[in-house]
Amino acid sequence: MIDAKQLVLRTRDEVSFWKHWNALTAALHSGPRYAETNIKNFILVAESRGTLREDLSFIFLQNGVPVGGAFLPLEHTPHGLAISFGGGYTLAPLFADLAIGKIIFQHIESLARERRAAKIAFLVDPFDPRAQYNFLQYYGYLDASLLTYIIDLGVPGDFLKHCRKGHACDIKKLFHRSDISVKIYDHVAPSYDAHERYRALHAKAAGRATRPKESFDLQFEALKRGRAILVELRLADNPIA
């Protein structure tokens, strides 16, 4: 059992939670999915969809130092309550070592039992240093692995050689079209107007606005901080994707 004094709950002390969360993700070299702006975006989306029953997110402290934590949205799903995001997978917990991981998972399972959650669904971020294998199995979770490719763009030579033949062929076809161009926006050259075009295309593709404007604004903040890029595809200088 975890002593309540060792926990920082997001719903009770948001300022302290984010302070410790950011310190924990920095210490563990966590990927961009664990960024504060990304987590806040998840929460906004879940709240706007009306699926969020309760946010159980917590930080675990030892001697005042964050050594573990988890983003834990408890959702309404067609199959009952679940610790998940959008009915799918949410981010796996963070922890400094396997022993702390055991404590973290025991606490999560206790929270799930208390609320009669039907399912807990975690994903392992491919950018997580622990992602060399599905470590969730060590804690009794079922393996539902998907194959993920990460292409190192820093490798000298033609990066298309690292792509599947079909993908490489599709990309090469675009190189021969003078009416097709690509514009990249990042923290060096951000554009809120371009980001708003992206938001409009998102709604057009879905047939409706699927999440609040605030969630897109958080994405733009992530872009300005160097945690994201926006790629705009143009046909005859008109944005199409």
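Visitor: How many bridges join strand 12 to strand 13?
Guide: Happy to start there, keeping in mind that this is a predicted model. The two strands belong to an open sheet with the order 11-12-13 and antiparallel pairing. The number of bridges joining strand 12 to strand 13 is 2.

Visitor: Which residue takes a positive phi in the hairpin of strand 12 and strand 13?
Guide: The hairpin leaves 2 residues between its strands. A positive phi near 55 degrees is found there, and the residue that takes it is Ala236.

Visitor: Which are the edge strands of the open sheet?
Guide: Let's read the strand order, 11-12-13. An edge strand here pairs on one side only.

Visitor: Which residue of strand 12 does Lys183 stand opposite?
Guide: Strand 11 and strand 12 run antiparallel and are joined by 6 bridges. Along this pairing, Ser181 stands opposite Arg234. For Lys183, the residue opposite is Glu232.

Visitor: What angle does the direction of helix 5 make with that of strand 12?
Guide: Helix 5 (residues 192-206) packs on the sheet and touches strand 11, strand 12 and strand 13. Its direction and that of strand 12 make an angle of about 75 degrees.

Visitor: Which residues form the uncovered face of strand 12?
Guide: In a regular strand the side chains alternate between the two faces of the sheet. On strand 12, the covered face has Leu230, Glu232 and Arg234. The uncovered face has Val231, Leu233 and Leu235.

Visitor: Is Ile229 buried or exposed?
Guide: Ile229 sits in the loop between helix 6 (213-224) and strand 12 (230-235). Together with Val182, Ile184 and Val231, Ile229 forms a nonpolar surface patch with about 380 Å² of accessible area. Because Ile229 has 57% relative accessibility, it counts as exposed.

Visitor: And is Phe95 buried or exposed?
Guide: Phe95 belongs to strand 8 (residues 94-95). Leaving aside residues up to four places away in sequence, Phe95 touches several residues, including Leu28, Val67, Ile104, Phe105, Phe135 and Tyr139. Since Phe95 has a relative accessible area of 5%, it is buried.

Visitor: How far apart in space are Phe95 and Gly166?
Guide: In sequence, Phe95 and Gly166 are 71 residues apart. In space, taken C-alpha to C-alpha, the separation is 40 Å.

Terms used. Residues are numbered from 1 along each chain as its sequence is written. This is a predicted model: local features need pLDDT of at least 70, side-chain atom pairs count only at pLDDT 80 or more; totals for chains, interfaces and linings use all residues. Side-chain values use heavy atoms; hydrogens and water are left out. Patches are made of residues with over 30% relative accessible area and no salt bridge: like charges are joined within 9 Å, nonpolar side chains (Val, Leu, Ile, Met, Phe, Trp, Tyr) within 5 Å. Accessible areas come from the Shrake-Rupley method with a 1.4 Å probe; for residues, only the protein chains shown count as cover. A salt bridge is a side-chain nitrogen of Lys or Arg within 4 Å of a carboxyl oxygen of Asp or Glu. Helices (H or I, at least four residues) and strands (E, at least two) are DSSP runs, numbered from the N terminus. Buried means under 20% relative accessible area, exposed over 50%, partly exposed in between (1.4 Å probe, protein chains only). Two strands pair if DSSP finds at least two bridges between them. Contact means heavy atoms within 4.5 Å. Axes are lines fitted to C-alpha atoms, for helices over the stretch in contact, and angles run from 0 to 180 degrees between N-to-C directions.
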